[in-house]
Amino acid sequence: MDFYQINLVAFVLLNGSMVYRQYRQDKRVELSEKIQEFDAENDTESDEGHIAKVDLAPAASSAKHFTNIFFPVYVLVWGADWLQGPFIYTLYKDEKKLSEESVARLFTTGFLAGAVSALFVGSLADKFGRKNACLAFCAITTLSCLSVLSNNISVLFAGRALGGLGTTLMYTVFEAWMVTEYNQRGLERTSLKLSTIFGRMITLSSVVAVLAGLVGQVLVSWTGTKCAPFVASICCLAPASLIISRKWVSPDQPSKQLHLMLDLQSENFGDSGAPKEKKDSLKLLLGGRSTPSFLKQESITLTSKPVDKQILTLGLTSCCFEGSMYLFIFFWSPALKSSHILAHHHSALPFGIIFASFMGAMMLGSMLFTKILTDKKWMTCRELLQAVVTLASGSLLFTIFFRSEYVTFWLFCLFEACVGMYFPAMGYQKGKVVADGERAHIYGLLRIPFNIFVVVALSLTKEGDAYREVIFMTCSGLLLIVSAVVGVFLHD
């Protein structure tokens with residue numbers, strides 16, 4: 001085996017070991033919950049036992065139901081996205097025979113559409129419902145995938161615009177639905193922690209990315225066209241839509257009467273979308289008493305001055321880190337090619353294996369997040385986010401000074417591991433800071449700066465190592481600034 005194959009095997013073995021250990025731990029937690037549920041069902045001798053019976057057991061059942069309906073949709077949605085990713089550029093450039101300038105304009109159209117749509121899609125999702133917004137994503141992305149079957153340039157531009165809109169929806173409404181539903185079901189009382197969910201999301205995304213890349217390559221080889229993975233994406237979106245429409249309903253938690261009066265089994269809304277009658281029904285049901293703790297939104301709203309700084313901090317972090325990530329996606333291939341040539345290697349780089357290794361590193365990072373924050377509790381989420389941003393800064397910076405092909409590859413793997421830890425950490429922080437009533441709206445707004453950042457950087461792109469090194473150095477410096485800002489303004 002060559003260098004890259006050895007590294008891929010190492011990532012597979014390491015990730016497999018950690019997945020097995022996580023599986024064993026989850027089984028122990030599940031056994032503990034079953035024991036608690038059994039005790040709650042048989043404890044009728046005191047008022048405390050009665051409370052456990054109506055409170056603890058249904059919560060554990062609701063947690064299992066929640067993961068069973070959310071994660072399959074998450075896997076299908078991200079599978080649809082990963083199937084397209086590796087083939088968009090080569091489809092336009094090699095199969096459609098478009099010029100480099102036309103391809104760049106198509107990509108820019110997608111990012112601009114993402115930035116513009118971020119101004120309003122979150123508000124619409126809060127008003128009309130996050131579940132409906134998730135269904136809209138499936139429909140819009142299906143149309144975007146169908147557009148690649150045409151050779152008409154106008155259709156292709158329309159497809160990229162729809163793709164940008166779909167990307168904004170994917171990164172906002174699914175997470176907004178999940179966090180809000182988690183809060184409404186009172187799942188913080190179970191062993192299913194929000195940080196654990198975010199960690200598993202990125203782990204699953206990494207696994208799906210590797211599988212999607214392999215499936216996409218097989219489909220292209222089998223059909224002879226790079227349009228095949230886009231059609232396969234539609235085959236993922238169809239069952240996702242079916243599950244969302246039929247299964248995204250709330251169980252009898254905390255009580256059937258309460259959920260019927262709030263209509264939580266159909267949707268979750270922002271403040272602007274929740275009908276007044278439902279709020280009045282809740283007050284009437286509670287006999288005029290205040291809302292119980294498990295239904296309260298403990299996050300602070302945007303109108304609170306201290307949180308304004310935290311939201312701005314999250315926006316700056318998202319802009320610089322995710323912007324650097326998208327620029328890394330654009331530049332890692334020529335950077336490795338340059339190091340490959342400097343090492344006097346004349347063979348073609350195995351980009352498929354390298355991409356799979358990157359996804360293995362990202363998966364490893366996501367599992368380290370769960371281990372550090374949830375299992376061992378070595379540091380707070382803010383401290384971990386600050387450390388990840390600092391580490392990512394160093395990984396980009398050192399690629400300028402160490403031109404060895406192998407060192408460059410390992411530094412890129414380190415950056416991908418940081419990506420694997422960043423997304424669950426950022427998701428957890430947003431889940432704490434942003435209120436449910438405006439969650440999708442704020443999530444959408446947070447995507448505007450980084451879209452603009454990427455558009456500007458790509459519009460100035462030049463050939464050669466010098467410009468790429470300037471980009472990596474600039475991103476490294478920005479990430480160091482973000483690290484300091486996170487340490488000052490973001491609270492635990």
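A nonpolar core is a set of buried Ala, Val, Leu, Ile, Met, Phe, Trp, Tyr and Cys residues joined through side-chain atoms within 4.5 Å, where buried means under 20% relative accessible area, exposed over 50%, and partly exposed in between (1.4 Å probe, protein chains only). The structure is a predicted model, in which local features need pLDDT of at least 70 and side-chain atom pairs count only at pLDDT 80 or more, while totals for chains, interfaces and linings use all residues. Residues are numbered from 1 along each chain as its sequence is written, and side-chain values use heavy atoms, with hydrogens and water left out.

The largest nonpolar core holds 117 residues, of which Phe 174, Met 178, Ile 197, Trp 248, Phe 321, Leu 336 and Phe 358 touch the most other members. Apart from this core lies another, of 14 residues, which include Ile 88, Leu 91, Val 103 and Ile 234. Contact means heavy atoms within 4.5 Å, and Ile 197 touches Phe 66, Phe 71, Met 178, Tyr 182 and Leu 192 when residues up to four places away in sequence are not counted.

Helices (H or I, at least four residues) are, like strands (E, at least two), DSSP runs numbered from the N terminus. Helix 12 spans residues 305-342 and contains Leu 314, which is buried, with a relative accessible area of 1%. Leaving out residues up to four places away in sequence, Leu 314 touches Met 426, Gln 429, Lys 430, Val 433, Leu 446 and Leu 490; Leu 314 and Gln 429 are 115 residues apart in sequence, yet 8.1 Å apart in space, C-alpha to C-alpha. Ser 339 is also found in helix 12 and counts as buried, at 2% relative accessibility; with residues up to four places away in sequence again set aside, Ser 339 touches Arg 403, Ser 404, Glu 405 and Thr 408.

Gln 84 lies in helix 2, which covers residues 47-84, and counts as buried at 7% relative accessibility. The side chain of Gln 84 reaches the backbone oxygen of Ala 80 at 3.0 Å. Beyond neighbours within four places in sequence, Gln 84 is in contact with Thr 141, Cys 145, Phe 230 and Ser 233.

Leu 124, by comparison, lies in helix 5 (residues 121-128) and is partly exposed, with a relative accessible area of 42%.

How values were computed
Polar contact = N/O pair within 3.5 Å; in protein donor to acceptor, adjacent residues only side chain to side chain.
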